[in-house]
Amino acid sequence: MSVSLVYMILTYDLSPLESSTMSQLLQRTQPLLDVPALQFWLDKAVAWGQADRPDTLKDTCLHMSRLKDYLQQLLTHINNMSSTSETMKRLPLLGQFLGRLCWNPCVTADAPGRWLLFQCLWGLYSEHPGDAVEAKANQWIRKVLCQLATEEDDAAAQALMKRTGVPPKEYHVKVLRKMVAMLQENIGKSCSSLVDINYRCSCDNLLAVSEACVPLVSLPEAAPLIRALLQQPATCVRAALSQDFLDALTSAYSSKCVLLEEQEVVSLWYHSLSSLEEAVLSLLECVLPDTGYTPQELKRQLAQSLLPKACAQHCSIFLVVNDIFRSFLKQAEGNESLKYLIQTFSSCFFRELALLQHKTSGSLKASFPQSPQSLLIPLWTRPSEMPQEAWRHHLNWLSCSLQRLTEEEEEGDEDGSRSPRGHLRVFEAWFLLIQCAHWVQVAVQLLATSQPEDCGPPLWLLTFYHHPTNRGHHRASQLVHAKEAWDHLCSLFLAHPLPVDRVQSLVTLLSPKPQPTSPSPFLILSLLVNFCVFFQQSLSGSTEILQTVVNRSGLVNEAVCVLSSLELRLNEDSCLSSDTNRVHLRIKALQNTLTHMCAALNPANTHTQTLITEPRSRKFILDAGFLRAPLQNDK
Amino acid sequence: MEAVLKNLSSTAELLAVAARSSVVEQWDKQTLSRAFHWARYCEHLFSRFHNNTTINRVMGKQLELTNESLRAVFPGYTDICFSDLFQCQHLLLIGLLKNPDLPISIMKILFDTASPVNNQQSDYLDVTGFCSHIIQCKSACKVLSPLTDLSGADVEVQGAVLMERLEDLLSGGGEACRTEHIVNSFLQEGEGASGHFCLVIAAALLTRNNSAAAAAQTASQDCLLDWLQKEQNVLQQMCSALPTTLIIDLAKRHLKCRDAYCDVLKKWASSMEYSMSEGEWVQANTNRTVSFQRLTEHFLALFAACPSLREDVEKELNVLNISDGDFDVRGLSVWGDLLSAINK
């Protein structure tokens, strides 16, 4: 457009007719809050106000969340309008609608509902009323609010208040508390309807009561009732809680409108799948990239979480949590933080289970229905539960069993009989290994002190841990490279002075863009760190090697992580040996070195590699089914 | 005492100003909190001294003086008396909300949907959400009431409150006439309330207090029972209007109730005549509260709950039957027919 044309349009005075047409045009193109929607809700409000039948209250409770969404829209609309008169012109039924809602106890009992309603009223209040409509609106708003807060419709109650000197507020609170107590008592009555399904038990009541409690979830006086509802054992078929109630409680809990005790939270998770999923996903946010959680921080997060305890109490919760873990794992094989989280979660779960004094084997089997049963107990047994001398033997057995399992599946693959079931078995075995990764850590530790002839099985286990799928049959070469790395490390630690070529080869293996045939840099890094700690070499020597390799490859942060998780494991397992003190001192010294290296790094120049892969979104996880073909097509 | 009386006056003035003056335009959150603080103070005064006739009178006099001066200032001023002060905060609230000059910002504070934390007791209580909380409680009661029983929580609460007041009275020096005053005042509410009133009395008599106040509760329940025995028509009303299960609970709980109930039943029986046209025993008086059938059911229920009573009552009925002639024919003696109905 030429400048002159633009200038003309800007200065052109619209004639009155044209300007009104223009504004009409604008009106039509603006997204109007349509009158039909308001009519719909007004009709609903009229119906709800009609009779005090229990089902009108029920209907209101069922519509509560949609009603609140609509009120939010209305509120935005009201706030966007320049004046109340304009609002009333656009939506003449608005006053009637809001007025009816004011007298609907479901709406006014519900905290967010009440807030939205009052905000709408405030929105319609004009500080300086411009015309009769606005003045009238102001008057009406004051009147309605006054009535709501002060009117007493129960004559007998009023008389009692006067005769006995109990003020209205106190009286109403008393009545409410009494109601809650009465309902709570009814719920508490145990039900033995397992005997005869035709027997009317009090559990029929549960659904009705929970529905009625939808607007009351954040009311402190109703807390005992909510607690009683949540803690009802679900032994009776009729003992179902309303889904709307569970959803309302979940959202109140996550927006901190209500404080729930531990057991109540566990019960909520038990009853409501969506609230459990939300809790697990918020825990998993720690392991998203860019959050930079250290192993200590992850451990602390888990210590604060109620999820392990909930899993120990209810097998069904554990199964759901595991399914979510599986989903995440399938999306991000290389995410070391995720694997560490899962490992730590499992050990917390294990501790909680022990506290509950369950018979370990029975409940274990129930908790891991999909895992290869022969591997379950051997993997689940912690290294601290057996003498250190037995570790190697045990590890070898584990490695061989897993190897056999994967070979079976891969043979089937070669025949062309690609059974998804087979791949599932391998995946499940790998998942179990992740949960019991203490054995992988033991493998790495042993590798630091192994002879060449002993390092086969631990190396295989380590490689499998980092590369469960044998994509393009790369495992063989990955193993070869892993052995190479191990060799390099051995010679580094044995030789004086430091052989430069060996260092270089190691650094190459740790490069940021690993070849598909070479093992994960994290694998090699954990080997390095374990060598530094456990190899019989002087501290200064180990430190020099660590510094050199880490410096050249730029993996300081990752090295710190590996060292921390090693320290945490040793602290936890608290296996006392003559070596313990020496080991801890050495770890501390190495940590100091690394900390200095971190500090020396220019903050602006953090070109540290992250070995954690691309982010994932919650929605993606929930949309993707839990079961997906584990093998992805590769080159 | 001087200071207290002065405070009392000041609060009465505060109430008047809050309701009628445009000064409220200047109020802010602090002023509001302070106002409610004073109102609470007066409520406290009431609960401390309303039983004490001397102080009651002194306070009343002070208020009269204040009323006089306020009447001069505010046209159409309604007097306030000491007995109104139990709900001083409520009066303040009504006054404020009806005052057209109350700034909308103050209203917003009162109606703010505050988080639960704000409602805790503190020195200068935060009045944020004061009205919101009231509305929430009232609405919650309405939401839950369809789920509760016939007698309802409000009846139980009223019964409990009645008990509390009686305990208060008795512990404070036992002015028995005041007991009657309180209980009688319920009757004054008119016919409509009487059925409800029976439920309240029953609830009051059935309240159970597990704490140390059990002795006080027994004393006040006794007091109530004594009053009840003097009020025959209330007793009869209770026996006819209340559900049988409730009456039986009362009979099991209080011996006096059991005996009173038994007496009422016997009185009902003695008021019956045999009607040839209906072929049944009916009450002679114009308002027939109970049928013969129902009377039998009452007796049976009472015996089921209190088996020890059966023998004595049957003996008594027998004696009465004998005095009536001891005939074996139906329709001649209500006692005989009653006996045979019970023993069927």
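Contact here means heavy atoms within 4.5 Å. Keep in mind that this is a predicted model.

With that cut-off, let's begin in chain A. Arg475(A) belongs to helix H27, which covers residues 475–494 of chain A. Is this arginine, Arg475(A), buried or exposed? Its relative accessibility is 5%, so Arg475(A) counts as buried, the limit for buried being under 20%. Setting aside neighbours within four places in sequence, the contacts of Arg475(A) are Thr406(A), Glu410(A), Trp460(A), Phe464(A), His467(A), Pro468(A), Thr469(A) and Asn470(A).

Another residue of chain A to look up is Leu555(A), in the loop between helix H30 (539–553) and helix H31 (556–573). Leu555(A) has a relative accessible area of 0% and is buried.

| Residue | Relative accessible area |
|---|---|
| Arg475(A) | 5% |
| Leu555(A) | 0% |

Now over to chain B and helix H15(B). Helix H15 of chain B has 17 residues, 307–323, and at 1.5 Å a residue it should span 24 Å; the end C-alpha atoms are 25 Å apart, which agrees. Which residues of H15(B) are buried? They are Leu309(B), Val313(B), Glu314(B), Leu317(B) and Asn321(B). These residues cover an arc of only 125° around the axis, so they lie on the same side of H15(B). Ser308(B), Glu311(B), Lys315(B), Val319(B) and Ser323(B), on the other side of H15(B), are exposed. What do the buried residues of H15(B) pack against? Their partners are helix H13 (255–270), helix H14 (292–305) and helix H16 (334–342) of chain B. Just after H15(B) comes Gly325(B), with a positive phi of about 120°.

One of these partners deserves a second look. Two packed helices are described by the angle between their axes and the distance between the axes. For H14(B) and H15(B), the axes come within 5 Å and cross at roughly 130°. The two helices, H14(B) and H15(B), are therefore oblique to each other. From H14(B), Phe299(B), Leu302(B), Phe303(B), Ala304(B) and Ala305(B) meet Pro307(B), Leu309(B), Arg310(B) and Val313(B) of H15(B). The residues in this contact of H14(B) with H15(B) divide into 8 nonpolar, no polar and 1 charged.

Conventions
Residues are numbered from 1 along each chain as its sequence is written. Chains are lettered from A and ligands numbered from 1 in the order in which they are written. This is a predicted model: local features need pLDDT of at least 70, side-chain atom pairs count only at pLDDT 80 or more; totals for chains, interfaces and linings use all residues. Side-chain values use heavy atoms; hydrogens and water are left out. Helices (H or I, at least four residues) and strands (E, at least two) are DSSP runs, numbered from the N terminus. The expected span of a helix is 1.5 Å times one less than its number of residues. Buried means under 20% relative accessible area, exposed over 50%, partly exposed in between (1.4 Å probe, protein chains only). The arc is that of the directions from the helix axis to the C-beta atoms. Axes are lines fitted to C-alpha atoms, for helices over the stretch in contact, and angles run from 0 to 180 degrees between N-to-C directions. Angles under 35 degrees count as roughly parallel, over 145 as roughly antiparallel, 65 to 115 as roughly perpendicular and the rest as oblique. Ala, Val, Leu, Ile, Met, Phe, Trp, Tyr, Cys and Pro count as nonpolar, Asp, Glu, Lys and Arg as charged, and the others, Gly among them, as polar.
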